[in-house]
Amino acid sequence: MLSERENIAIAELAVYIPSIVFAMAIIFRHGLSKGRPWIYLVVFCGLRIVSAIFQILSANHPTNRDDATWAAILGSIGLSPLFLVASGLLRRVNDFIPGNASRVRLLEMLHIPILLALILSIVGGTRISSSDSSNFSSGETFEKAGVIIFLISYLAIVGFAILTTAEFSNLPRGEKRILYAVLASLPLLAVRLLYSLLADFEDNHTFSIVDGNATVQLCMAIIEEFIITFFFLVSGFVAPALEGLVNGAGGVPMNSYNDGKGAA
């Protein structure tokens, strides 16, 4: 009989294998230069697939601690690509708001702390798995620093989303759909972030990233990631390709959109 963690891992494979194919199709549709947010989604799906494989290997080889460790590390760094997708989609949407170049640049710069948090999370995860007590202690510090930066980045994304929503009427119809996807993902990202905060700051084995409660992880992380992935995939299929929107017949120039000009 399969364990709960094995069942979750199999469910992740069932979701993320087709999702990575769909994300690649979206990139092909939009082009590499315009489809960067969905490139990050491909990275996220890839991380989840590899993490699920390690989780299944760990269940079948319980004496091999490395499999469980890598499953946990790869599982814990999923916030970074999801944040990159959200900020990348907001950047694209803001490109269509007149006189908004400074916000676009700030959204681009937001990638820096998100990537820094990713690096800290990886370093922290590898050190926590060490048998050396000093490495374990420093690993916890790195993990906490990483999740705090994730929290700050999330608040920044929420702030940019609110500012963008305030100019909703200036957006082409297709970009409004992308904004809907980002707004719908924010509460779910908050729950997922809360799980990481509890894992790093709460002295409770329930939230351990290595062998915590699988049901709690399912309800606070796995399901949220499934739904967020769905929202981002849908946004890629319903949004028009920028090449056609900007340069096609009746197209509109980015960052100088006016109502009535070829709304997608």
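**View 1. Surroundings of histidine 111.** Histidine 111 touches Arg36, Tyr40, Leu84, Ser87 and Gly88, residues up to four places away in sequence not being counted; contact denotes heavy atoms within 4.5 Å. The model is predicted: local features need pLDDT of at least 70, side-chain atom pairs count only at pLDDT 80 or more, and totals for chains, interfaces and linings use all residues. Residues are numbered from 1 along each chain as its sequence is written, and side-chain values use heavy atoms, with hydrogens and water left out. Histidine 111 belongs to helix α6 (residues 111-128); helices (H or I, at least four residues) and strands (E, at least two) are DSSP runs numbered from the N terminus. Its relative accessible area is 7%, so histidine 111 is buried (under 20%; exposed is over 50%, partly exposed in between; 1.4 Å probe, protein chains only). The histidine 111 side chain reaches the backbone oxygen of leucine 107 at 3.4 Å.

**View 2. Nonpolar surface patch.** Phe22, Phe230, Val234, Phe237 and Val238 make a nonpolar surface patch of about 440 Å². Such patches join nonpolar side chains (Val, Leu, Ile, Met, Phe, Trp, Tyr) within 5 Å, using residues with over 30% relative accessible area and no salt bridge (a side-chain nitrogen of Lys or Arg within 4 Å of a carboxyl oxygen of Asp or Glu). Areas come from the Shrake-Rupley method with a 1.4 Å probe. Helix α9 (residues 214-238) gives the most to the patch, with four residues. Phenylalanine 22 lies in helix α1 (residues 4-30) and is partly exposed, at 44% relative accessible area.

**View 3. Two annotated spans.** An unreviewed UniProt entry lists several spans as "transmembrane region", including residues 38-57 and 178-195; such annotations may be inferred rather than shown by experiment. Residues 38-57 are 100% helix and 0% strand, with end C-alpha atoms 29 Å apart. Residues 178-195 are 100% helix and 0% strand, with end C-alpha atoms 26 Å apart.

Technical notes: Patches are made of residues with over 30% relative accessible area and no salt bridge: like charges are joined within 9 Å, nonpolar side chains (Val, Leu, Ile, Met, Phe, Trp, Tyr) within 5 Å. A polar contact is a pair of N or O atoms within 3.5 Å; within protein, one must be able to donate a hydrogen and the other to accept it, and residues adjacent in sequence count only if both atoms are side-chain atoms.
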